[in-house]
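The sequence and the structure are shown first.

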Amino acid sequence: MPEQLESHVDLGSLPKEERLARMRHSAAHVLAEAMVELFPDAELGIGPPIDTGFYYDFRLPRSLTPDDLTWLEDRMRKSVKGKHPYRMAAITKAEAEQQWKDQPFKLDLLSEIEEGNVTQCTHAAFTDLCRGGHVNHTGEIGAFKLTSIAGAYWRGSERNPQLQRVYGALFETPEELAEYEHQLEEARRRDHRRIGKEMKLFELFDEVGPGHVVWLPNGATIRRELMRWMEDLEIELGYLHVVTPNVSKRQLYVKSGHWDHFHESMYPVMERDDEEYVLRPMNCPSHIMVFAAELHSYRELPMRIAEFGNMHRWEKSGQVTGMSRVRIMTLNDAHIFCADVEQVEAEVEGVLHLMEKVYGTLGLKNYRYRLSLGDPENKEKYVDNPPMWERGEALLRRVLNKVGLEYFEAKDEAAFYGPKIDVQFMTAQGKEETLVTVQVDFHFPHQFGLEYVGEDGERHEPIIVHRGVISTMERMVALLIEEYEGNFPLWLAPQQAVVIPIADRHIEYANEVAAQLKAHRLRAEVDARGERMNAKIRDAQLRKVPYMLVVGDREAEAKSASLRVRGGGDVGAVPVADIAERLRKERDDKSLTLWA
């Protein structure tokens, strides 16, 4: 007989976070109860609580539909109204294996449990394997809504069966749920995948492969402007730009340690002429080879080697998302080779100031700094050198305090070879993601035997600072699309101005106006289609073009244009020469606002 376990809990005495976790866990059981009623042969996976609700994984006889979600949600509400108690009980492992003999995923979970009792939870007529953590009865579940269906591999491995995952949102009150749904709608409105398609910025083709971004002309324009700007900033700061191969021998990454720590996230090995080659997953080994090509003097340090380098990482298919999570990416990368700790501190400080300048110019505010630390107990994940870790972590902490940036610390978030400062951005979906990092590295110089000649004439080991500033071009452009809602400032807008002739007889003058704008290196075009003027203006607004210059008889005679601003502002008739100069200045100043 099952051993009944006491499960009553005073929810009001618990912190809100724990109350929500219990409600969400309990709701996952109710979802599974409803699914088994809809599909009696459903194979059950797991159903944990998550930050905004819950999910449950199932293997089902057919694909779920939106109508199924509606049915499941209604059935769940019926169970909630029933106020069915949650009862925990313990049975032996042998009894559990017999009870769950027709559920392969539950048996897989049981296989990891040592001999002894197994706990289960029952409400109404539904029982599930469970460690506990529920409300007292289904009536105590908060406000919920089933939100989506997704695919998920069992235990997250592509080698395992793919299941259907049903997500639900759950909060304590209907008001909190409504606020969350509003945030979801806002995220959908800002979604870079939708906006990117509408603005023809990028495409993802099945024939090319998931996570392999194809930049269309409009998106390539934004990418080019960002790259030129960053390269100019870096040149002013003394960076030396290089171009290194996308393919290297596997042995290079064995030497760096990336193969041991990262090979499961790399593309497969290519064998040619008895050599093994791989697509590079990161740029640092290549830049180390550039430094190692000759012996340098202390007078040359710090040496800042930079590149917009392509990287290839085999992200799991379930994690690939638009341009924010891809498999081929171009990173604004640099490695700074320093002579001593003083230089390292100065260089890290300089990188942080550069970041603040860049993010300020782009108008980005929703980010924070994280000092990511290692874990001295985890010898498999991190290089085993406690003094090195203590030295690096103390150094980065000193610089952050000196610069006066607010930050928080997080254990077990470092790179395998050293601590780092991460820039954590909040996405439109409300998720915090790492955009770029600054890492201090005492490990690779020793691993590669790097040396420089010091002031004393002796050879010394340098220290490396790894840094990005605007992340990968894919992730940064995705972030900017959502930040601006596609309304890029003039300097980044794919098309900066469109000249709209009122009638065909004004096309010649429209071309003259566009030529004046182009003479200032402004991206301008003439809309000479046979559409009505208002339709052309509406189309330009939909394409989020910053400026529309309407020209007719009066404008041609006065050498002016009737200027309209994205968003509906009508400036009126302005001499074309004045428009060109004003737009040139706005572009060169990288202004975030348009002509008022």
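## A strand residue and a pocket

The model is a predicted one. Glu432 belongs to strand 22.

Apart from neighbours within four places in sequence, Glu432 contacts Arg368, Phe408, Gln424, Phe425 and Met426. With one of these, Arg368, the side chain of Glu432 makes a polar contact of 2.7 Å. Asn160 lies 272 residues from Glu432 in sequence, and the C-alpha atoms of the two are 29 Å apart in space.

Strand 22 also takes part in a pocket. Which element gives the most to the lining of the second largest pocket? Strand 22 does, with 7 residues.

The volume of the second largest pocket is about 1,700 Å³. Its lining has 49 residues, and Phe262, Met282, Arg313, Glu315 and Arg325 are the closest to the centre. Two or more lining residues come from each of helix 9 (258–262), strand 18 (328–338), strand 22 (432–441) and strand 25 (463–472).

The table divides the lining of the second largest pocket by residue class.

| Class | Residues in the lining |
|---|---|
| Nonpolar | 14 residues |
| Polar | 17 residues |

Where in the chain does the lining of the second largest pocket come from, in terms of domains? Domain 1 (3–184) and domain 2 (198–484) each supply at least three residues to the lining.

Note on methods:
Residues are numbered from 1 along each chain as its sequence is written. This is a predicted model: local features need pLDDT of at least 70, side-chain atom pairs count only at pLDDT 80 or more; totals for chains, interfaces and linings use all residues. Side-chain values use heavy atoms; hydrogens and water are left out. On a 1 Å grid over the protein atoms alone, a cavity is a set of points where a 1.4 Å probe fits but cannot get out, and a pocket is an open set with protein on both sides within 12 Å along at least five of seven lines; lining residues have an atom within 4 Å of a point. Grid points are joined across faces, edges and corners, and a volume is the space filled by probe spheres set on the points. Helices (H or I, at least four residues) and strands (E, at least two) are DSSP runs, numbered from the N terminus. Ala, Val, Leu, Ile, Met, Phe, Trp, Tyr, Cys and Pro count as nonpolar, Asp, Glu, Lys and Arg as charged, and the others, Gly among them, as polar. Domain bounds come from an automatic or database domain assignment. Contact means heavy atoms within 4.5 Å. A polar contact is a pair of N or O atoms within 3.5 Å; within protein, one must be able to donate a hydrogen and the other to accept it, and residues adjacent in sequence count only if both atoms are side-chain atoms.
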